[in-house]
Amino acid sequence: VGFFGRVPVATKAKTGVQDRILKAALAIAGEEGWASAGLSAVAARAKVPVSELRRHFRDTDAIADAWFRVGLDAMLAPPPRGFSRRPAAARLEILMRRWFDALAPHRRVTAEMLSAKLWIFHPHHYVPMVFNRSRLIQWLRDLARLDAGGRRKQIEETGLTALFLATLAVWCRDDTENQERTRAFLKRRLAQADGLMARLFAGKQ
């Protein structure tokens, strides 16, 4: 049963095939690198015809997008008890850690996916990524219940984008246990941003 009622059998079957394809791609990339996860190899590992894979994913970039949606889904999960009573910085930390923790089992592969998206000869990959990042930041603000408008909203969006990208850069190279380096970096930067916002908007509602 889904959010809007019972999920049709066809939808379940489609999701099942997509999951198999994604898992197959991640398995190959984990063994040989993301560059080795070609569509034919992924189809063979997932035990589906290439024509069937093509009905679900137009290319490997679309498979990467499906993996990044796992991070967004983790952010969208119900918040912990007392979430709304926590300070804004704490709410943002919880949400951003959910994204990074969800993708952590395949951190190296995730970094390789991002590198592939940024390849200069693939503007059809990196241009949409800009809009996907923007949507992620909008979800982050909404879930963290940052509802300011005007200049404060603009500053929050710019600051959160910079913070996310900086944290992502640290995370991609973080080989510490439980991503401790990333967590410390995120907590420190959030505290700095919180202090800056407090100074900028002191006495303003």
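Accessible areas here come from the Shrake-Rupley method with a 1.4 Å probe. On that basis the accessible surface of the protein chain, which is a predicted model, comes to about 12,200 Å², and 57% of this surface belongs to carbon and sulfur atoms.

**The whole chain**

Begin with a cartoon of everything, in which you can count nine helices and zero strands, so that the pattern read along the sequence is α-α-α-α-α-α-α-α-α. If you colour the 205 residues by relative accessibility, the buried ones make up 36% of the chain. Among contacts with a separation of 6 or more, 63% are between residues 24 or more positions apart.

**The nonpolar core**

Next, select I21, W34, V42 and W99, which touch the most other members of the largest nonpolar core, a set of 48 residues. To see where this core draws its residues from, show α1 (9-32), α2 (39-46), α4 (60-76), α5 (88-103), α6 (107-117), α7 (123-143), α8 and α9 (180-200), each of which gives two or more residues to it. In soluble globular proteins, nonpolar side chains tend to be buried together.

Stay with W34 and display its surroundings: leaving aside residues up to four places away in sequence, W34 touches A25, A29, T60, I63, A64, V109, E112, M113 and A116.

**Helix α8 and T167**

Now select residues 150-172, which form helix α8 and include T167. The 23 residues of α8 should span 33 Å at 1.5 Å a residue, and the distance between its end C-alpha atoms is 33 Å, so expectation and model agree. The buried residues of this helix are E156, L160, T161, L163, F164, T167, L168, V170 and W171.

Is T167 buried or exposed? Its relative accessible area is 0%, and T167 therefore counts as buried, the cut-off being under 20%. A polar atom of the T167 side chain lies 2.8 Å from the backbone oxygen of L163. Beyond residues up to four places away in sequence, T167 touches M96, F100, T182, F185 and L186.

**Two loop residues with positive phi**

Select R145, in the loop between α7 and α8, where phi is positive at about 65° although the residue is not a glycine. The relative accessibility of R145 is 45%, so this residue counts as partly exposed.

Then move to the loop between α8 and α9, where N178 is placed. Phi of N178 is near 55°, again a positive value in a residue other than glycine, and with 48% relative accessibility N178 counts as partly exposed.

**Salt bridges**

For the last stops, show the charged side chains; a search of the whole structure finds 14 salt bridges. Side chains of opposite charge can pair when their charged atoms come close.

Which residues are linked with D61 in a network of salt bridges? Select R58, D59, D65 and K117 together with D61 to display the network. Within it, K117 forms a salt bridge with D61, and their closest N and O atoms are 2.9 Å apart. This pair links distant parts of the chain, with K117 in helix α6 and D61 in helix α4, 56 residues apart. Both partners are buried, as K117 has a relative accessible area of 3% and D61 has one of 6%.

D61 also forms a salt bridge with R58, where the closest N and O atoms are 3.5 Å apart.

Finish at R181 and D174, which form another salt bridge with their closest N and O atoms 3.7 Å apart. If you colour this pair by accessibility, R181 is partly exposed, with a relative accessible area of 40%, whereas D174 counts as buried at 2%.

Definitions and conventions: Residues numbered from 1 in each chain as written. Predicted model: local features only at pLDDT ≥ 70, side-chain atom pairs only at ≥ 80, totals over all residues. Heavy atoms only, no water. Helix = DSSP H or I, 4+ residues; strand = E, 2+ residues; numbered from the N terminus. Buried < 20%, exposed > 50% of the residue type's maximum accessible area, 1.4 Å probe, protein only. Polar contact = N/O pair within 3.5 Å; in protein donor to acceptor, adjacent residues only side chain to side chain. Contact = heavy atoms within 4.5 Å. Expected span 1.5 Å × (residues − 1). Core = buried A, V, L, I, M, F, W, Y, C linked by side-chain atoms within 4.5 Å. Salt bridge = Lys/Arg side-chain N within 4 Å of Asp/Glu carboxyl O.
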